[in-house]
Amino acid sequence: DGDSVTCEVKGSGACGEVTINSVRLTVMPTTGVVLTEKGAMNVQLMPNPNNGRFVVSGVVGGTTEEVVLEVTNVLGQVLHRSVERVQGGKVTAELNLGNGLANGMYLMNVTAGAERTSIHFVVKQ
């Protein structure tokens, strides 16, 4: 009861889009599990794979006025950090990490208020 459950869905198409979302659950004694809280954030990164240049866009919900975008490598080292404005509950940011980035997997962490989501992406130079 009260656990947060996260689901990662990987697409099989050319883009290989990954979607991650979390929900908070309440167990009812007579009926089982009921969804009680769903994160309002739904953000995507495209294209994936990319060459270090991509767009992060989506809905962050609530009254959040800005989001923090942070790119880390697999060791957890922060390679990029920026604060982006939210307009009408939506964020769109074009990032260019440069072509000095090594080929491999990276993580985009998006934080809006108390909500956070992570998106895995691949760089291919």
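User: What is the secondary structure of the protein chain, and what makes a run count as a strand?

Analyst: The protein chain has zero helices and ten strands. Helices (H or I, at least four residues) and strands (E, at least two) are DSSP runs, numbered from the N terminus. This is a predicted model: local features need pLDDT of at least 70, side-chain atom pairs count only at pLDDT 80 or more, and totals for chains, interfaces and linings use all residues. Residues are numbered from 1 along each chain as its sequence is written, and side-chain values use heavy atoms, with hydrogens and water left out.

User: Why is L75 called exposed?

Analyst: Exposed means over 50% relative accessible area, buried under 20%, and partly exposed in between (1.4 Å probe, protein chains only). L75 has a relative accessible area of 68%, so L75 is exposed. L75 lies in the loop between strand 6 (66-72) and strand 7 (78-85).

User: What makes a set of residues a nonpolar core, and which members touch the most others?

Analyst: A nonpolar core is a set of buried Ala, Val, Leu, Ile, Met, Phe, Trp, Tyr and Cys residues joined through side-chain atoms within 4.5 Å. The largest one has 21 residues, of which V56 and M108 touch the most other members. Strand 9 gives the largest share, four residues.

User: How confident is the predictor in the chain?

Analyst: The mean pLDDT (the predictor's confidence in each residue, from 0 to 100) is 80, and 69% of residues reach 70 or more. Over residues 31-38 the pLDDT is below 50. Where pLDDT is low, the predicted coordinates should not be read in detail.

How values were computed
Contact means heavy atoms within 4.5 Å.
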